[in-house]
Amino acid sequence: LFILEQLESSIYQHTVETLSTPGLCKYETDQADSCKWIVCLEEVVDLYRNVATPFRGSSSAAALLRAERASRELLVVWCAFALSHKATLPFEFEVLKGFGVALCPDDLRHLTLSDGLARSAALQVVAYLRKHTKPGRAVFSLRADDATFDLASAHSNASPETKDLWEKEQADATSRRNAHWQKVQEKQASLLVLDGRLAALRGSLASEERAQSEYRNKHCSFGGRWTPHDGQIDRYKRAISQIKDQIRDEERPPASIFEPLPSKARLASPILFFLTMPVHFQVLSRLCFTAQQQLLPASPSFCLSTSCSNLDVDKLLKQEDLPTSWREYHLCKSTARHRSSAVDTKVLLMSAVRVPGPREFSPDNVRRYSSESVGIWHPDDLTPRLMWRGGNCKLDTSR
């Protein structure tokens, strides 16, 4: 308990000093230092919660006011979010300044805090959140008016690295399309030759079969079925069978192409942001969702003071199993990509749309390919959606 309270006091003290001072902290003047600091902050919060949460439910904490222990733990997470938000503002092309926070300052009114430092930290967090609240512009939430993808597009449009990656992906996509279309045209040209050979062989076979029939009609009185045309007819039939096998092979189209990114820049920008998400936003997004989840009651059901019936919290939470992970599609299911890796964000980028099978957009016969776009699928319809599954933290994934 002593260690927990010391760590809490340290975070509260830093929150009061940082949020009440108009200037920048030392780590907020250098991007690399800022990244290291917020990663360390996230690790400290995780270590703290891995001790504080089990302790709150143990017999050792029975004599303590559990409401206050829960309040102090929640406040630590919300302080960490505010500190990481402030540390991100000067960097990443300052795009975060145009957007608001998803945390509602009024949600801290229910906290039970007995010491002055904790109350001061809570007041500073409330003031900071109010200052950075922008209706309709909040990011990193599951609300209908969430503006995360607008933030993602703004960052992608401002980032030279992301623009360069998009140009390379576009060039690779053009090369894949051209190579695919060339294979199709080569097969179609080969089929024209094979069709001509097949027609000629069928004509020769028909002529030979007529000659065979005439020979048999003339010599039927001598008995027997042999004719001097039999050998040539067999050769024509074998040749026709071989040509048909070749035609079946040529009719088989080249492998369908699943492009790794949407065809339009405005659709690809949010995807590229999540696939290459900077460290600042990885930590900030995770802390934001963790802070929101902290508001849930610890018990899966509870009774309201105004009602005699219990509310089932888990049933009230809408849990939707989205079928497509953008990261998994990009790395494992798409045909090719310029990057061989992608950031494993704790806030997941998903889609409610299923990736189609090859035969759902590609004809099974190369004869039916009429343009260079046939047989190529762009994930334009994989509308991105955010999903939170606890960010790989055992304390949060259990809910």
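Student: Is Asn178 buried, partly exposed or exposed?

Tutor: This is a predicted model, and Asn178 lies in helix α6, residues 160-219. Buried means under 20% relative accessible area and exposed means over 50%. Asn178 has a relative accessible area of 39%, so the residue is partly exposed.

Student: How many Å separate Asn178 and Glu372 in space, C-alpha to C-alpha?

Tutor: Asn178 belongs to helix α6. Along the sequence, Asn178 and Glu372 are 194 residues apart. In space, their C-alpha atoms are separated by 7.2 Å.

Student: How far apart in space are Val366 and Leu151, C-alpha to C-alpha?

Tutor: Val366 sits in the loop between β5 (347-351) and β6 (376-377). In sequence, 215 residues separate Val366 from Leu151. The C-alpha distance between Val366 and Leu151 is 43 Å.

Student: Is Val366 buried or exposed, and what is its relative accessible area?

Tutor: Val366 is a loop residue, placed between β5 and β6. Leaving out residues up to four places away in sequence, Val366 touches Val184, Lys187, Gln188, Leu191, Glu250, Glu251 and Pro253. Val366 is buried, and its relative accessible area is 0%.

Student: Which residues does Ala80 touch, not counting residues up to four places away in sequence?

Tutor: Ala80 is part of helix α3 and, at 1% relative accessibility, counts as buried. With residues up to four places away set aside, Ala80 touches Leu41, Val45 and Leu287.

Student: Does Lys86 count as buried or exposed, and at what relative accessibility?

Tutor: Lys86 is placed in helix α3. Beyond residues up to four places away in sequence, Lys86 touches Thr18, Leu19, Thr21, Gly23, Leu24, Glu28 and Tyr128. The cut-off for buried is under 20%. Lys86 therefore counts as buried, at 11%.

Student: With which residues is Arg130 in contact, leaving aside its neighbours within four places in sequence?

Tutor: Arg130 lies in helix α4 and is exposed, with a relative accessible area of 52%. Leaving aside neighbours within four places, Arg130 is in contact with Pro105 and Asp106.

Student: What is the phi of Glu92?

Tutor: Glu92 lies in the loop between α3 (66-88) and α4 (116-131). At 8% relative accessibility, Glu92 counts as buried. Glu92 is not a glycine, although its phi is positive, at about 55°.

Student: And what is the phi of Phe93?

Tutor: Phe93 also lies in the loop between α3 and α4. Phe93 is partly exposed, with a relative accessible area of 43%. Phe93 is not a glycine either, yet has a positive phi of about 60°.

Student: Which cysteine has the sulfur closest to that of Cys35?

Tutor: Cys35 counts as buried, at 17% relative accessibility, whereas Cys332 is exposed at 61%. A search of the whole structure finds 0 disulfides. From the sulfur of Cys35 to the closest cysteine sulfur is 11 Å, too far for a bond, and that closest sulfur is in Cys40.

Student: What is the radius of gyration of the chain?

Tutor: The chain has 12 helices and 7 strands. For 399 residues the globule rule gives 21 Å, and the value for this chain is well over that, so the chain is more spread out than a compact globule. Along its principal axes the C-alpha trace spans about 120 × 50 × 35 Å. The radius of gyration is 34 Å.

Student: Among contacts between residues at least 6 apart in sequence, what percentage join residues at least 24 apart?

Tutor: Of the 399 residues of the chain, 43% count as buried. Counting contacts between residues at least 6 apart in sequence, the share that joins residues at least 24 apart is 81%.

Student: How far apart do the centres of the positive and negative side chains lie?

Tutor: The accessible surface of the chain comes to about 20,900 Å², and 53% of this belongs to carbon and sulfur atoms. The chain has 52 positive and 48 negative side chains. The centres of these two sets lie apart by 4 Å.

Key:
Residues numbered from 1 in each chain as written. Predicted model: local features only at pLDDT ≥ 70, side-chain atom pairs only at ≥ 80, totals over all residues. Heavy atoms only, no water. Helix = DSSP H or I, 4+ residues; strand = E, 2+ residues; numbered from the N terminus. Rg over C-alpha atoms; globule rule 2.2 N^0.38 Å. Buried < 20%, exposed > 50% of the residue type's maximum accessible area, 1.4 Å probe, protein only. Contact = heavy atoms within 4.5 Å. Areas by Shrake-Rupley, 256 points an atom, 1.4 Å probe, with all protein chains shown as cover. Lys, Arg positive; Asp, Glu negative; His and termini not counted. Charge placed at Lys NZ, Arg CZ, Asp CG, Glu CD. Disulfide = S-S within 2.5 Å.
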